Amino acid sequence: DDPDNPKNKLSSDPKKADKGIRGTYPNTTNPLLTGGGDITGYQFGSTFKIFPLVAALEKGYPLEYTINAKSPYESKYIVERGSPAACAGTNKYCPKNANSSMNGVHNMWSAFGASVNTYFVPLQERVGAASAVDVAQRLGITFRASNDARFAADPEGANQWGAFTLGVSSTTPLEMANAYATLAADGKYCKPIPVKEIRDQDGNSLDIAQPQCKQVVSTEVARAAIDAARCPVGDNSSTSQCRGRTANGVRSIVGHPVAGKTGTTDAEKTATMVVTTKQLAVAGVLADPDWADTNAEMKHTIVNPAVYETLRDAMKGKEKQQFKAPSGKLVRGEQRSIPGVQCQSIDNARSRLAGAGFEVEVDRSGAVDSTCPAGTAAGTSPSGRTIKGGVVIIRVSNGQGAQPSPGDGDGPGGPGNGPGRPGNPGNPDD
């Protein structure tokens with residue numbers, strides 16, 4: 001760049017522009033992909049939901065584990081009273097979903113596929129945010145920003161990091177690509193290196209370019225996490241229960257089995273995507289490297305094609321390698337019979353279901369036709385069997401109509417599984 005005729009315009013950051021500081025486009029020395037210097041990374045939004053998901057799987061929560069995703073959700077995390085992130089009149093962190101179609105009972109497949117904020121915040125509460133942070137670090141995430149590093153270094157502090165699952169921490173495309181690649185590689189992390197091989201003058205391969213790899217997540221946990229991560233990008237396995245996808249067409253475009261996730265931050269200040277096959281992973285971020293608090297809206301219509309078309313082109317001619325589906329308890333967990341509570345009082349029904357180890361909700365959206373007395377339990381959703389500790393919803397009778405037939409219910413995934421819309425004020429989402 002000619003100092004007397006610079007091509008870079010003034011920085012997009014008003015404070016820097018006022019000082020005559022130029023931005024980093026089109027000429028830059030900033031390490032945009034890897035971080036370093038004054039670049040601590042970029043917020044990757046809901047791509048971070050993979051970390052509490054892995055933490056939950058490691059603690060024995062199966063993919064079928066259900067949570068009733070209410071919006072807004074009053075969490076146990078403490079924030080500043082009156083802040084945009086707080087529930088009205090409280091100091092409790094209060095995330096929302098992008099739209100009401102995402103509310104309702106979800107399991108890990110449907111919640112990850114539709115990017116349901118109010119599934120992953122309570123899931124993180126149950127496993128501990130510090131556990132999710134630990135997973136991120138094992139998968140190669142480096143917390144360079146001072147606030148992030150302080151949380152990450154202190155498990156007690158990390159457990160108050162309510163928004164961690166929504167991707168408010170800064171990281172880099174290289175680290176996010178490698179995190180998802182680690183899961184695609186059955187949990188084996190390999191330190192990123194810029195060369196494949198170095199030879200000496202005699203043609204002998206030097207050890208300096210040898211991969212430095214270690215197992216950081218168990219094979220079965222990694223396979224279960226990838227099983228959920230196939231949902232957002234339009235892929236399926238023999239075990240998956242996908243509903244709602246934020247990037248449904250990626251599988252058909254790439255032409256190979258894929259897993260991944262999109263992410264959007266508050267006010268769409270960044271838009272991100274990570275997609276991986278068994279062989280290659282690509283991550284992209286659309287952001288302003290000069291001004292993190294940009295007032296421009298970053299669009300998935302730009303970053304998504306850049307990511308999945310790069311992967312498509314890189315995978316041309318390569319073998320179509322299938323992800324291996326998870327097995328055992330990480331899919332279904334411990335299944336339990338749901339007690340019959342028809343025609344019992346709501347209090348008795350709730351007590352009996354809770355005593356059987358379920359999380360009990362009462363459907364207040366409207367009474368259903370049933371020959372049971374009005375105001376009593378007409379039945380449950382689901383009925384029959386479901387996951388230990390999962391959600392069972394009591395349906396209230398209106399005292400009219402036919403008795404619900406056995407099996408009447410919505411299944412473990414439940415209602416409300418709709419595709420998400422990028423962006424949500426005060427709540428990173430996509």
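Trainee: Which residues is Phe-164 in contact with, leaving aside its neighbours within four places in sequence?

Mentor: This is a predicted model. In it, Phe-164 is in contact with Phe-48, Phe-51, Gln-124, Ala-132, Val-133, Ala-136, Phe-143 and Ser-169, its neighbours within four places in sequence being left aside. Contact here means heavy atoms within 4.5 Å, and each of these residues is listed as a contact of Phe-164.

Trainee: What makes a set of residues a nonpolar core?

Mentor: The residues must be buried, must belong to a list that includes Ala, Val, Leu and Phe, and must be joined through side-chain atoms within 4.5 Å. The largest such core has 64 residues. Phe-164 is one of those with the most contacts inside it, together with Ile-50, Phe-51, Leu-57, Met-108, Tyr-119 and Met-176. Among the elements that each supply at least two residues of this core are α2 (50-58), α8 (173-184) and α9 (219-229). A second, separate core of 15 residues includes Val-233, Val-250, Val-303 and Leu-311.

Trainee: Why is α9 called largely enclosed by the rest of the structure?

Mentor: Buried means under 20% relative accessible area. Nine of the eleven residues of α9 are buried, and therefore the helix is described as largely enclosed. Among the buried residues are Val-221, Arg-223, Ile-226 and Asp-227. The buried residues of α9 pack against α2, α3, α8, β7, β8 and α12.

Trainee: How do you know that the span of α11 is close to the expected one?

Mentor: The expected value comes from 1.5 Å a residue, and for α11 (residues 300-314), with its 15 residues, this gives 21 Å. From its first C-alpha to its last, the helix reaches 21 Å, and the two values can be set side by side. The buried residues of α11 are His-300, Val-303, Asn-304, Pro-305, Val-307, Tyr-308 and Leu-311. What covers them includes α10 (250-254), β7 (259-264), β8 (271-276) and β9 (281-286).

Trainee: Why is Ala-267 called partly exposed?

Mentor: A residue is buried under 20% and exposed over 50%, with partly exposed in between. Ala-267 has a relative accessible area of 42%, so it counts as partly exposed. Ala-267 lies in the loop between β7 and β8, and it has a positive phi of about 60 degrees although it is not a glycine. Cys-343 may be treated in like manner: at 38% relative accessibility, Cys-343 counts as partly exposed. Its place is in the loop between β10 (335-337) and α13, and its phi is near 75 degrees, a positive value in a residue other than glycine.

Trainee: Why is β12 called largely enclosed by the rest of the structure?

Mentor: Five of the five residues of β12 are buried, so the description applies. At the next step in the chain, the peptide bond from Ser-381 to Pro-382 is cis, with omega near -5 degrees. Pro-382 is found in the loop between β12 and β13 (385-387).

Trainee: Why does Ser-397 count as buried?

Mentor: The cut-off is under 20%. Ser-397 has 2% relative accessibility, and it therefore counts as buried. Ser-397 lies in the segment after β14.

Trainee: How do you know that the side chain of Ser-397 makes polar contacts?

Mentor: The limit for a pair of N or O atoms is 3.5 Å. The side chain of Ser-397 reaches the backbone oxygen of Cys-372 at 2.8 Å and the backbone nitrogen of Gly-399 at 2.9 Å. Both pairs are within the limit. Cys-372 is also among the residues in contact with Ser-397, as are Ala-367, Pro-373 and Thr-376.

Definitions and conventions:
Residues numbered from 1 in each chain as written. Predicted model: local features only at pLDDT ≥ 70, side-chain atom pairs only at ≥ 80, totals over all residues. Heavy atoms only, no water. Buried < 20%, exposed > 50% of the residue type's maximum accessible area, 1.4 Å probe, protein only. Helix = DSSP H or I, 4+ residues; strand = E, 2+ residues; numbered from the N terminus. Expected span 1.5 Å × (residues − 1). Polar contact = N/O pair within 3.5 Å; in protein donor to acceptor, adjacent residues only side chain to side chain.
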